Amino acid sequence: MNAETLTALRLSIQVAVLATALNALVGIPLAYLLAKRRFWGRTALDLVVTLPLVLPPTVTGYYLIVLLGRRGWLGAPLYELTGWTVAFTWYAAVIASTVMALPLLVRTARAAIESVDSDLERAAFTLGRPEWRTALEVTLPLARNGILAGLVLAFARALGEFGATLMLAGNIPGKTATVPLAIYSAVQTGESHQAAVLVLALTVLSCIVLVAAGRLGTRSA
Amino acid sequence: MSMIGRVDLAIVKRFPGFTLDVAWTADEGVVVLFGPSGSGKSLTLRCLAGLERPDQGRIVVNGRTFFDAATGVDLPPQQRRIGYVFQGYALFPHLTVGENIAFGLRSRPRAEQRRRAAEVMERLELGGLENRAPRELSGGQQQRVALGRALAVDPDLLLLDEPLSALDAPLRRQLRDDLERTLRDWRIPAVLVTHDLSEAYQLADRVIVYDHGRVIQASSKTEFLWQPSSERVARLIDMRNLLAGTVVKAAPDRIQLRWRGQLLEAVNSPARAYLPAPGSPIAFFIRPEYVRLIRKDRMAPDDHHHMNVMRGRVVGEADQGATWSLRIRLDEPGAPVQDGYDLEVEVPSLVYEILDIKTDRFWEFSIHRGSIHVLPS
């Protein structure tokens, strides 16, 4: 394995870990909200979160550029204020992977939260627990396996993310070129040996993740 | 803890295709909401607990207003001080028995929590089980943990939603006894939901009968069983021999009626002053165990010992263990009024054997006038 390969691997894992952490932070509360609350705009929120699952990743990437690019809705004011833009940095790869992975976590976690017997939550209410403590002490612990499985799926998705990352973060070797992007470059430039090594590495990693997810799945059943 | 928990409730809650519109009050220890599934009993319980918000009305328990649509009062469940025993118990599966019981005590000092949980477990004979998971317990133990968890916080009112419906018959009977003992021992006012007649009768001080989202009778438990306020109530409590006759003559103390060619005399209830016009239809019921079989080896029946005498043939029978249920078809022209028979009669198994009813099919019966219960329509 040469240095470039190792850099791509390290970057991929770094991006996937951070994207998974962001997913946990945003996705679990979001899943709880969608599962438990009826509020204005709920359907729209559900739609926005789920869309990256069905849209081509390049389309999601395009929307991310419109939002976060140097001239984007959020990106432009940020650039004016700080002179910095997220586009074409490795943070962009994290954001792209997070958005692409989010629907997997939210859908899995939401199903797990919805499958918790609501009488258990009602019991906690009658025993004096406010809703947020009921969520922390009853609902989320009982939905734990589903949530963990969702996080594993999100990790796997982040690890393999290609299209949206390419759009927002580009394919800069050593900077934003994660393994899937590095594979694409290697094939394009005829470095078939390096492509094969990266493909193998990603396959092994994905297998480990899937086995882990399978374990969680059977334990929750 | 006061023995008397006054519940004052008048609520309306609308759903597409179903409206709950009930009002009742109760001072008694154990109030049973009785009625068929889907009649709104559990919904009432959830409204009492604050888990469901009525559209209109008022709920006052022990002088504390839980809900009042007019003034906008709506106490959250956390502040109502009620204990709730859920259908299927809803024990926290990820916590131990001890943690389940102490769940509602979290705001108290740790030592106090432990003391109270231990005391509750001791009283409910759960000692030694504190580190078990709920799924490792028997049905009876689970019920006691659910009761203990609700009672540990000293609630003003205990609500029980079909506490025995998840169990099979023999266990159910046993747990019914346990539950009755616990309710009496803890002297706690309770509202219990059931669609099981014997459960209602055993546990209740007062019975509120629900049907299609309305209250159709509210009475003490004896009145509930012996004086159903209407034919509908009698049907709900699965009254056997619920029959339809014609009034011949009604007086405040007696009612004469005609049924299947028989002239029957029944006791009227002076208190209710039910005086239907002659010729009008009348519903009545006769409890199968109160129909007397006239023994052929004794003296001929006389008017003093036997009244409302009729003659018939056994056309069906069922062994019920301690008793036999006989289906009797009267010696009268015309089709029988119940499904192939006219009257169900229950006799002890010993009588069935001694009189050899298996082979001897023709009998005379008598019914005391006090055992024919007329039902105001």
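The model is predicted: local features need pLDDT of at least 70, side-chain atom pairs count only at pLDDT 80 or more, and totals for chains, interfaces and linings use all residues. Residues are numbered from 1 along each chain as its sequence is written, and chains are lettered from A and ligands numbered from 1 in the order in which they are written.

Start with chain A. It has 11 helices and 0 strands. Helices here are DSSP runs of H or I with at least four residues, strands are runs of E with at least two, and numbering starts at the N terminus. The pattern along the sequence is α-α-α-α-α-α-α-α-α-α-α. Its C-alpha atoms fill a box of roughly 65 × 45 × 25 Å along the principal axes. Of the 221 residues in chain A, 43% are buried. Buried means that 20 or more other C-beta atoms, placed from the backbone, lie within 10 Å of the residue's own. Among contacts in chain A between residues at least 6 apart in sequence, 74% join residues at least 24 apart. A contact requires C-beta atoms, placed from the backbone, within 7 Å.

Now take one helix pair. H1(A) spans residues 3–36 and H8(A) spans residues 144–160; they pack at an angle of about 140 degrees, with axes 8 Å apart. Axes are lines fitted to C-alpha atoms, for helices over the stretch in contact, and angles run from 0 to 180 degrees between N-to-C directions. That angle makes H1(A) oblique to H8(A). Oblique is what remains once angles under 35 degrees count as roughly parallel, over 145 as roughly antiparallel and 65 to 115 as roughly perpendicular.

Which residues meet? From H1(A) they include Ser12(A), Val15(A), Ala19(A) and Asn23(A); from H8(A) they include Ile147(A), Leu151(A) and Phe155(A). The residues of this contact divide into 11 nonpolar, 3 polar and no charged. Nonpolar covers Ala, Val, Leu, Ile, Met, Phe, Trp, Tyr, Cys and Pro; charged covers Asp, Glu, Lys and Arg; the others, Gly among them, are polar.

Turn to the contact between the chains. It takes 14 residues from chain A and 15 residues from chain B. On the chain A side, H6 (118–126) and H7 (131–142) each supply at least two residues. H6(A) gives the most, with 6 residues. This side of chain A divides into 8 nonpolar, 2 polar and 4 charged.

Finally, chain B. It is divided into domain 1 (7–234), domain 2 (239–285) and domain 3 (287–370). The bounds come from an automatic or database domain assignment. Taken over C-alpha atoms, the centres of domain 1 and domain 3 of chain B are separated by 42 Å.

Notes. Contact = placed C-beta atoms within 7 Å. Buried ≥ 20, exposed ≤ 12 C-beta atoms within 10 Å, placed from the backbone.
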